[in-house]
Amino acid sequence: MKAEDADPGKSRRRLLRTAVAGTLGAAAAGAGSPARAAERVSAGAPAGARPSVAVLLYDGFTALDAIGPYEVLCRVPGVRVTMVARQAGPIRTDTGELEIVAEGSLCDVHQADVLLVPGGGERGTTAMMKDREVHAWIRRIHRHTVWTTSVCTGSLILGSAGLLRGVPATTYWASRPYLKELGAVYTPGRFVETGKIITAAGVSAGIDMGLHLAARLSDEKVAQAMQLAVEYDPDPPYDTGSPEKADAELEQLALKLLADSAR
């Protein structure tokens with residue numbers, strides 16, 4: 001018996017490496033090579049260029065809004081995902097108990113194939129809706145993106161930057177009224193695609209949008225493989241995941257839980 005076979009931990013790690021490498025390797029061999037993916041999303045880009053995804057972080061963003069799509073997109077063959085903030089370094093989430101490191105600053109990132117703006121707690125989202133410097137950066141990046149995207153209340157930030165006027169879009173259920181104030185047309189759905197703008201609904205919907213983008217950046221086989229790789233097979237214990245399925249009491253409790261956890 002091999003030493004690693006006697007160690008359940010090593011055996012499990014070997015199994016996971018084999019499974020993930022086999023799944024993604026087979027899918028990539030079919031159509032998801034870095035050069036082909038780059039050719040699809042970056043017309044005129046140098047041969048072998050890697051499609052780029054820039055995820056905007058800011059003080060008070062919601063972790064899963066950014067990390068859900070990241071977990072899918074960072075493993076798509078040839079795709080490069082970069083966390084960006086006003087300044088590079090650790091950025092604290094809405095609960096104040098978790099930090100994620102931004103690799104680059106707004107000054108460092110001048111172009112991206114995909115821009116992704118996550119939502120945040122009330123404090124974070126409100127601040128970003130007023131931040132003209134960030135809005136100017138979003139507009140500059142948007143000029144050259146293939147897709148400009150948001151998750152949850154990130155759509156309110158896109159709207160505040162002037163990108164959603166007359167555009168069908170979605171957002172977190174409690175923030176739907178604000179879309180109209182920003183000139184957008186609220187449209188129900190886990191994610192809504194209009195031209196090159198894709199907005200996802202609340203928090204977990206970012207994973208759905210991430211899989212959709214994975215297919216666009218590569219192909220459906222790779223996206224399907226990534227869904228399996230992260231075992232995204234929702235079967236929640238309760239059927240209260242939207243306001244249409246919950247009562248007013250649950251709505252108020254949900255908002256209270258979010259508010260109480262904010263820092």
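Cys152 sits in the loop that joins strand 7 to helix 7 (154-160). Helices here are DSSP runs of H or I with at least four residues, strands are runs of E with at least two, and both are numbered from the N terminus. Before I continue, please note that this is a predicted model, in which local features need pLDDT of at least 70 and side-chain atom pairs count only at pLDDT 80 or more, while totals for chains, interfaces and linings use all residues. Residues are numbered from 1 along each chain as its sequence is written, and side-chain values use heavy atoms, with hydrogens and water left out.

To return to Cys152: this residue is not a glycine, yet its phi is positive, at about 60°. In general, most residues other than glycine have a negative phi. Is Cys152 buried or exposed? Cys152 counts as buried because its relative accessible area is 5%. Buried means under 20% relative accessible area, exposed means over 50%, and partly exposed lies in between, with a 1.4 Å probe and protein chains only.

A second residue belongs in this discussion. Val203, also not a glycine, has a positive phi near 25°. Val203 is found in the loop between strand 11 (197-200) and helix 9. With a relative accessibility of 26%, Val203 is classed as partly exposed.

Let me now turn to the chain as a whole. The protein chain contains 11 helices and 11 strands. It has 263 residues, of which 45% count as buried. A contact means heavy atoms within 4.5 Å. Among contacts between residues at least 6 apart in sequence, 64% join residues at least 24 apart.

Next, the interior. In soluble globular proteins, nonpolar side chains tend to be buried together. A nonpolar core is defined as a set of buried Ala, Val, Leu, Ile, Met, Phe, Trp, Tyr and Cys residues joined through side-chain atoms within 4.5 Å. How many residues does the largest nonpolar core have? The largest nonpolar core has 61 residues, and those with the most contacts inside it are Val53, Val55, Leu56, Leu57, Trp137, Ile138 and Leu164. Helix 9 (residues 205-217) gives the most to this core, contributing 7 residues. Beyond its neighbours within four places in sequence, Ile138 is in contact with Leu56, Leu115, Val117, Ile157, Leu158, Ala161 and Leu163.

Helix 9 also packs against another helix. Two packed helices are described by the angle between their axes and the distance between the axes. For helix 9 and helix 10 (residues 220-229), the angle is about 145° and the axes are 7 Å apart. The axes are lines fitted to C-alpha atoms, for helices over the stretch in contact, and angles run from 0 to 180 degrees between N-to-C directions. Helix 9 supplies Leu211, Ala214 and Ala215 to the contact, and helix 10 supplies Glu220, Ala223, Met226 and Gln227.

Ser150 lies in strand 7 (residues 147-151). Where does Ser150 stand in terms of accessibility, buried or exposed? Ser150 is buried, because its relative accessibility is 0%. Not counting residues up to four places away in sequence, Ser150 touches Val117, Ser155, Leu158, Ile198, Thr199, Ala200 and Met209.

His135 is part of helix 6 (residues 132-142) and is buried, with a relative accessible area of 6%. Apart from residues up to four places away in sequence, His135 touches Met128, Met129, Lys130, Ile157, Ser160 and Ala161. The C-alpha atoms of His135 and Ile157 are separated by 7.8 Å.

Ser175 occupies the loop between strand 8 (168-169) and helix 8 (176-181), and it is buried at 9% relative accessibility. Leaving out residues up to four places away in sequence, Ser175 touches Thr153 and Leu156.

Finally, Ser105 is in strand 5 (residues 104-105) and counts as buried, at 11% relative accessibility. Which residues are in contact with Ser105, leaving aside its neighbours within four places in sequence? They are Val84, Ala85, Arg86, Gln87 and Ala88.
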